[in-house]
Amino acid sequence: MTAFGVFWGLLILMFLIGAGMGFSGGIAAQMKAMPNNTVAYFSRPTTIAYGGFERGRRWNITDADFAAIESKFPGIIHDKGLVLEVPSTGQAQQVKTEQYSDMMMVAGTTENYHLFSPLRVVEGRFISKFDVRENRKVCVLGEQAAAKLFPGQKAVGKEVHLNGFTCQVVGVMRKTSPFLYIGPNESESLYLPISTAQLLYNRINEQNTSRSEERRVGKECRS
């Protein structure tokens, strides 16, 4: 009985060690899809009362917040990938085509989003800096979202309608890692240029509810 107990204990220990190392290796492999000098910022409801405001107040990161970071740590921000979920975080929107409709997450983003989120464009292109600068009425669909709205068809070049607004699909993307989320699930969402989303949903100067920044590795970053 003593030998059996020792053998059983060692077997369980080996199993736990193996499972832990496998899990750790899997997470590390998934994280390789992101730059190693990246930090993500998310706004969430407040947990304490402060300045006359009650607990649970929602807030959003704004242009001024980013300006404050850049002024305090010059050169720390190299590229910014912004995500603004609209009309609010976690609230799905009805997206329609001429024949189909579905509820999905809608977000605004920038041309640098692909630097941080593990995704790959499988059809067309991603949002460009010109789309953002000129508030273009274009969008990118996740692969699953495109399959629901345009079953058996090419989505690029087609039009979709949301919130009384019509935009043209310029690309379809596929999520390459099921464990990493910077914003909503890319495969099941619709992405607009962030400037277009700000205007459409009256969220001017609100850059995001989820932000990812690539940081320069240097003295400023370490401080």
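## A tour of aromatic rings and their surroundings

Select Tyr 113, Phe 126 and Tyr 191: together they form one aromatic cluster. The model is a predicted one, in which local features need pLDDT of at least 70, side-chain atom pairs count only at pLDDT 80 or more, and totals for chains, interfaces and linings use all residues. Residues are numbered from 1 along each chain as its sequence is written, and side-chain values use heavy atoms, with hydrogens and water left out.

Stop 1: The structure holds 3 aromatic pairs. Rings of Phe, Tyr and Trp (its six-membered ring) pair if their centres lie within 6.5 Å; planes under 30 degrees apart count as stacked, over 60 as edge-to-face and the rest as tilted. Now select Phe 4 and Trp 8, a stacked pair with 6.4 Å centre to centre and 15° between the planes. Both residues belong to helix 1 and are 4 residues apart, so about one helical turn separates them. Helices (H or I, at least four residues) and strands (E, at least two) are DSSP runs, numbered from the N terminus. Phe 4 counts as exposed, at 52% relative accessibility, while Trp 8 is partly exposed, at 45%. Here buried means under 20% relative accessible area, exposed over 50%, and partly exposed in between (1.4 Å probe, protein chains only).

Stop 2: Tyr 113 and Phe 126 form a stacked aromatic pair, 6.3 Å centre to centre with 15° between the planes. This pair links distant parts of the chain, 13 residues apart: Tyr 113 is in the loop between strand 5 (101-109) and strand 6 (119-124), and Phe 126 is in the loop between strand 6 and helix 3 (129-133). Are these two residues buried or exposed? Both Tyr 113 and Phe 126 are buried.

**Stop 3: Ser 128.** Select Ser 128, in the loop between strand 6 and helix 3. Ser 128 counts as buried because its relative accessibility is 19%. Which residues does Ser 128 touch, not counting residues up to four places away in sequence? They are Glu 111 and Arg 136, where contact means heavy atoms within 4.5 Å.

**Stop 4: Arg 57.** Select Arg 57 and Phe 53. Arg 57 lies over the face of Phe 53, at 4.3 Å from the ring centre. A charge sits over a ring if NZ of Lys or CZ of Arg is within 6 Å of the ring centre and within 35 degrees of the ring normal.

**Last stop: Leu 11.** Select Leu 11 in helix 1 (residues 2-31). Leu 11 is partly exposed, with a relative accessible area of 40%.
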